[in-house]
Amino acid sequence: MSKLVSVVIPCYNSERSIAEVVELTMAEFAKLDGFDCEFVLVDDNSSDGTFAEIARLSERYPSVHGLSLMRNFGQHNGLMCAMNHVSGDYVLGMDDDMQTHPSQIAPILAKMGEGYDLVYGVYRKSTNGSIKNLTSWLNKKTSRVLLGRPKNIQSSNFWCITRQVCDEVVKYKNYSPYVDGIFYRVTHNIGNVTIEHHEREYGQSGYTLKKLIKQWMAYFNFSVIPLRIASVIGVISAFVGFVMAIVTIVRKLLDPTMLMGWASTISLMVFFFGLVLMVLGIIGEYVGDLVLAVNGTPQYIVRKKVNL
């Protein structure tokens, strides 16, 4: 019996590319024995005709299902929306810009056949720009500490999970999801397979530096480690300040003529006040997330559905 693979794709201004992504993916699945596919395409409030193109595809292909969101919620919210509407045995995450190329699906599914709950396609060579590569490097370094990513595992936007993992992931209802962080909470039975990273064929990435930083800040929803780091910094700073005060008093007792410098005092005040503000900022991020969650900020809002 064939396994059904639900291909989930968050779409943003991909009017020119989404049909090609869908049709090339269908062609790849036609070559694979033992697999069928369906598509759940989520239009994240695009400014072009993306949803009209999704509707056209759904009329032409019964396996294509589409949703349109009422505003721009972000890539990971779009993925959560899509995963709430799948029916497959596997769920395959892809992008809408041909960089996660359909030709690389076969090795990912073959790796899933080894019994993994989650498989990431790892790019042999990235074709992203310098900003995206920088944030990817930052993600790689920090996700292991903050999200609990296994040491020998790399992540990417090209992944596949079992239905069991998907069913656990969609239980997460917070307004600011980060799917990789949720994956790591669910399972550590994760595999990597090397694939090729293709050039973007149309347009340019919708990720600005601001959006990439905002996405990275979503880590705060999955870890208390920043608070612990802030506490350690506070303890160290207090200890350093105490030692410096003792040293200053001893020096003054030994040499009463020693002049006390205003410049050093101001420098110390600026340093410690800066630390205090940094810690307050970290706490503020957590408090802000709590307020938005308590207020029932939606993870996504669906405006229209086609073929669902």
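Guide: First, a definition: contact means heavy atoms within 4.5 Å. Keep in mind that this is a predicted model.

Leu 41 belongs to the largest nonpolar core, which has 34 residues. Together with Leu 92, Leu 41 has the most contacts inside that core. Several elements give two or more residues to it: S1, helix H1 (18–31), S2, helix H2 (50–60), S4, helix H4 (105–112) and S7. The largest share, six residues, comes from H1. A second, separate core has 28 residues, among them Ala 82, Cys 166, Val 179 and Tyr 184. In soluble globular proteins, nonpolar side chains tend to be buried together.

Now the sheet. It is open and has eight strands, in the order S7-S5-S6-S4-S1-S2-S3-S8. The pairing is mixed. Strand S7 (190–195) and strand S8 (302–306) form the edges, each pairing on one side only. On average, neighbouring strands are turned by 20 degrees against each other, direction ignored.

Look at one pairing. Strand S4 (residues 90–93) and strand S6 (residues 159–162) run antiparallel, joined by four bridges. Here Gly 93 stands opposite Trp 159 in S6.

Two helices deserve a look. Helix H3 (residues 75–83) packs on the sheet and touches strand S1 (3–11), strand S2 (35–43), strand S3 (64–69), S4, S6 and S8. The direction of H3 makes about 145 degrees with that of S1. Helix H7 (residues 179–186) also packs on the sheet, touching strand S5 (118–123), S6 and S7. The direction of H7 makes about 135 degrees with that of S5.

Return to Trp 159, this time for its ring. The structure holds two aromatic pairs. One of them joins Trp 159 and Phe 183, edge-to-face, at 5.0 Å centre to centre with 75 degrees between the planes. The pair links distant parts of the chain: Trp 159 lies in strand S6 and Phe 183 in helix H7, 24 residues apart. Why do Trp 159 and Phe 183 count as buried? The cut-off is under 20% relative accessible area. Trp 159 counts as buried because its relative accessibility is 2%. Phe 183 counts as buried because its value is 0%.

One more ring contact: the charged end of Arg 71 sits over the ring of Phe 73, 3.9 Å from its centre.

Conventions
Residues are numbered from 1 along each chain as its sequence is written. This is a predicted model: local features need pLDDT of at least 70, side-chain atom pairs count only at pLDDT 80 or more; totals for chains, interfaces and linings use all residues. Side-chain values use heavy atoms; hydrogens and water are left out. Two strands pair if DSSP finds at least two bridges between them. Axes are lines fitted to C-alpha atoms, for helices over the stretch in contact, and angles run from 0 to 180 degrees between N-to-C directions. Rings of Phe, Tyr and Trp (its six-membered ring) pair if their centres lie within 6.5 Å; planes under 30 degrees apart count as stacked, over 60 as edge-to-face and the rest as tilted. Buried means under 20% relative accessible area, exposed over 50%, partly exposed in between (1.4 Å probe, protein chains only). A charge sits over a ring if NZ of Lys or CZ of Arg is within 6 Å of the ring centre and within 35 degrees of the ring normal. A nonpolar core is a set of buried Ala, Val, Leu, Ile, Met, Phe, Trp, Tyr and Cys residues joined through side-chain atoms within 4.5 Å.
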